Amino acid sequence: MVSAGIVLGAQPAAAAPAPIKLTSASCPAEIVQGQTSGCVTELQNLLNAHGAGLVVDGQFGAGTLYAVREYQAATAIAVDGRVGPAAKSKLYATAGSAPAPVNLNSSSCPANLVQGAKGGCVTELQRLLRHHGYSVDVDGDFGAGTASAVRSFQSSRGLTADGQVGTNTKRALYDTDESPSTGLDLRSSSCPENIVEGQSGGCVATLQSLLNGKGHSLDVDASFGPQTLAAVKAFQSASGLTADGAVGPNTKAALYANIGGGGGNGAPAPVDLNSASCPAEIVQGQRSGCVTELQSLLNHHGADLAVDGDFGALTDSAVRDFQAEKGLSADGRVGPNTKAALYGTVTPPSSPPPGGGYAKILDVAEAEAGTVEGSARANSYGSAVGLSLSTSNYAWCATFVSWVAKQTGASSYRNSYVSGWVKQARAGNYHLSVTTSPQPGDIVAYDWDGGSDFTGGNEHIGIVRTVSGSSFTAVEGNTTNPNGTNDGVYIKSRTTASTYDVVFIRVR
């Protein structure tokens with residue numbers, strides 16, 4: 001997968017037409033390859049703010065087309081390379097015109113970030129708030145909406161809700177462990193059959209996130225108050241359900257229906273191919289979220305399909321090409337073997353090799369490098385731990401490690417919390433143990449707070465790729481792109497000689 005930071009179609013710089021806002025009457029309803037205008041200049045600037053690295057010349061060429069498709073794939077918009085209403089809206093809603101983000105702990109940001117501030121530090125703050133489930137505009141302007149989200153976030157973490165982003169709030173914002181606030185499926189046994197006003201906790205936080213995904217603008221504070229009640233009733237009414245404000249089985253089913261779909265003519269929401277919702281064989285002529293998932297997976301393996309949920313001739317051709325490449329019967333029918341190959345399932349050998357953990361762990365993890373948070377591929381990792389959330393809505397580093405373990409059969413252990421992996425390794429359970437001689441294929445856990453207790457909620461986890469003395473590299477999910485944009489699966493350089501504590505876990 002090509003990094004979005006690579007400059008494609010670079011050519012000598014030329015004076016670009018003055019940028020024109022994409023939603024203005026001066027721009028066409030759809031901006032497409034071949035056009036040259038200020039609308040394209042604006043588009044290229046927005047794409048670059050998301051890490052595209054384009055030459056801004058106002059010409060919609062091959063490089064711009066590639067960047068558009070990359071952005072659409074990452075944000076669950078139909079991948080057709082055409083910049084229509086849905087893509088325009090997303091580009092502006094996801095910080096396209098904001099100043100570049102600046103790490104809140106850097107010397108460039110004030111010790112206390114407060115309402116009224118503007119710039120890259122505020123962009124980063126808003127980006128982090130959105131990652132924790134708050135619906136704020138990412139525009140680099142610390143206004144009333146951002147201040148309200150900060151106070152809600154502080155309350156949810158037991159901090160003083162003063163709206164000032166100081167040391168403790170920054171630490172909590174960068175908390176990379178799995179967040180229980182949005183990690184619960186309302187349909188699971190962990191949540192009450194009927195969620196009603198007055199309740200609080202992770203199930204309510206998930207409910208609020210789902211309602212926001214349906215167009216509401218609630219604070220995700222895990223408290224079922226009057227505003228959440230009003231949103232539930234409005235959703236029930238719009239869905240043809242009894243508007244009683246009680247979130248029972250029918251309301252839960254409606255909330256999860258078509259979750260994650262794009263806007264406008266976007267694809268149906270992706271559905272795991274191995275779920276009961278998908279047929280045993282997916283074939284040409286079908287249209288569904290199963291086909292959306294299929295197309296996303298094929299693109300991950302090198303196809304260049306429009307992700308529209310429609311199994312047409314091009315998808316059929318891509319399936320046959322994939323099957324032939326994998327040594328499968330190239331019949332265009334997506335049955336169990338093709339599904340397994342698409343998800344990269346590996347049949348483990350009878351006994352693991354000595355040292356370095358399970359041999360296939362690193363192979364499978366490395367193959368995911370470049371997968372962008374919020375994409376269908378990234379969201380599929382949650383199947384390993386029973387989560388159906390978008391990875392844009394929770395911290396998923398340990399979920400990624402669980403998915404890799406599931407794909408390889410390296411260990412039967414699954415947990416969306418870093419602390420769980422460390423606890424089981426220290427106890428020697430599930431073929432896990434702690435090692436002081438790390439090798440490629442080992443798992444590595446970080447405690448950013450120090451102390452190696454892994455109880456403060458500020459942890460991270462990945463898979464060791466290379467080791468050189470005290471330095472090492474790791475494949476990590478839910479980590480920042482080295483180019484500074486779009487979290488995802490990336491290779492990061494780390495060290496054991498730093499302020500954070502590191503524990504290496506061997507899979508025997």
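Author: The count comes to 6 aromatic pairs, where rings of Phe, Tyr and Trp (its six-membered ring) pair if their centres lie within 6.5 Å, with planes under 30 degrees apart counted as stacked, over 60 as edge-to-face and the rest as tilted. One of them joins Tyr381 and Trp403 in a tilted arrangement, 4.8 Å centre to centre with 55 degrees between the planes. Tyr381 stands in the loop between helix 14 (376–379) and helix 15 (397–408), while Trp403 belongs to helix 15, so the pair links distant parts of the chain, 22 residues apart. Helices (H or I, at least four residues) and strands (E, at least two) are DSSP runs, numbered from the N terminus. Tyr381 counts as buried because its relative accessibility is 0%, and Trp403 counts as buried at 1%; buried means under 20% relative accessible area, exposed over 50%, and partly exposed in between (1.4 Å probe, protein chains only).

The pair of Phe472 and Phe504 is edge-to-face, because the ring centres are 5.2 Å apart and the planes stand at 75 degrees. Phe472 lies in strand 4 (residues 471–479) and Phe504 in strand 6 (residues 501–507), so this pair ties together parts that are 32 residues apart in sequence. Both Phe472 and Phe504 are buried.

Tyr381 and Trp403 also belong, with Trp396 and Phe400, to one aromatic cluster.

Elsewhere, Arg494 lies over the face of Tyr446, 5.1 Å from the ring centre; a charge sits over a ring if NZ of Lys or CZ of Arg is within 6 Å of the ring centre and within 35 degrees of the ring normal.

This is a predicted model, in which local features need pLDDT of at least 70 and side-chain atom pairs count only at pLDDT 80 or more, whereas totals for chains, interfaces and linings use all residues. Residues are numbered from 1 along each chain as its sequence is written, and side-chain values use heavy atoms, with hydrogens and water left out.
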